[in-house]
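Subject: Structure handover and notes

Hello,

The structure we talked about is below. My notes follow it, with the cut-offs given where each term comes up.

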Amino acid sequence: MPGYKVANKQAKPKNWKRAINGVEIRPCLFVHSGGRRVMGGSVNGEVVMDESGNPVPFHAIQHTELL
């Protein structure tokens, strides 16, 4: 099996993590009982929900800082 060879000499960009008040937002897959899947986020092990009880998509969660 061949090894990994970098296409150019530049380093990869840093993968910034999103955080709310210093707590990392982790991506999680939320599956509804009807089979609908949503790529949401969790903070401290709890899924981020909106006012109506639906999970908020990961890209739509408002973060306060980057780690």
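Is R26 exposed or buried? R26 is exposed, with a relative accessible area of 52%; exposed means over 50%, buried under 20%, and partly exposed in between, with a 1.4 Å probe and protein chains only.

Before the rest, the conventions. This is a predicted model, in which local features need pLDDT of at least 70 and side-chain atom pairs count only at pLDDT 80 or more, while totals for chains, interfaces and linings use all residues. Residues are numbered from 1 along each chain as its sequence is written, and side-chain values use heavy atoms, with hydrogens and water left out.

Overall form

The protein has six strands and zero helices. Strands (E, at least two residues) and helices (H or I, at least four) are DSSP runs numbered from the N terminus. The radius of gyration is 17 Å, well over the 11 Å that the globule rule gives for 67 residues, so the protein is more spread out than a compact globule. That radius is taken over C-alpha atoms, and the globule rule is 2.2 Å times the number of residues to the power 0.38. Along the principal axes, the C-alpha atoms fill a box of roughly 50 × 30 × 20 Å.

Of the 67 residues, 16% count as buried. The accessible surface comes to about 5800 Å², and carbon and sulfur atoms account for 53% of this; areas come from the Shrake-Rupley method with a 1.4 Å probe, and for residues only the protein chains shown count as cover. Contact means heavy atoms within 4.5 Å. Among contacts between residues at least 6 apart in sequence, 33% join residues at least 24 apart.

The sheet

Three strands make an open sheet in the order β3-β4-β5, with antiparallel pairing. Its edge strands are β3 (26–31) and β5 (46–47), each of which pairs on one side only. Two strands count as paired if DSSP finds at least two bridges between them; β3 and β4 have six, in the antiparallel sense. In general, strands of a sheet pair through backbone hydrogen bonds, either parallel or antiparallel.

P27 stands opposite G41 in β4, and V31 has R37 of β4 as its bridge partner. The two strands form a hairpin with five residues between them, and G35 in the turn has a positive phi of about 100°.

R26 lies in strand β3. Not counting residues up to four places away in sequence, R26 touches G40, G41, S42 and F58. R26 and G45 are 19 residues apart in sequence and 8.6 Å apart in space, C-alpha to C-alpha.

The structure holds one salt bridge, defined as a side-chain nitrogen of Lys or Arg within 4 Å of a carboxyl oxygen of Asp or Glu. R26 forms a salt bridge with E24, and the closest N and O atoms are 4.0 Å apart. E24 is partly exposed, at 26% relative accessibility.

S42 is found in strand β4 (residues 37–43). At 12% relative accessibility, S42 counts as buried. Leaving aside neighbours within four places in sequence, S42 is in contact with E24, I25, R26, C28, V47 and V48.

L29 lies in strand β3 and is exposed, with a relative accessible area of 52%. L29, V31 and M39 form a nonpolar patch on the surface, with about 290 Å² of accessible area together. Patches are made of residues with over 30% relative accessible area and no salt bridge; like charges are joined within 9 Å, and nonpolar side chains (Val, Leu, Ile, Met, Phe, Trp, Tyr) within 5 Å.

Positive phi in the loops

Two asparagines have positive phi values. For N21, phi is near 50°; N21 lies in the loop between β1 (18–20) and β2 (23–24) and is exposed at 65% relative accessibility. For N44, phi is near 55°. N44 is found in the loop between β4 and β5, and N44 is exposed, with a relative accessible area of 65%.

Regards
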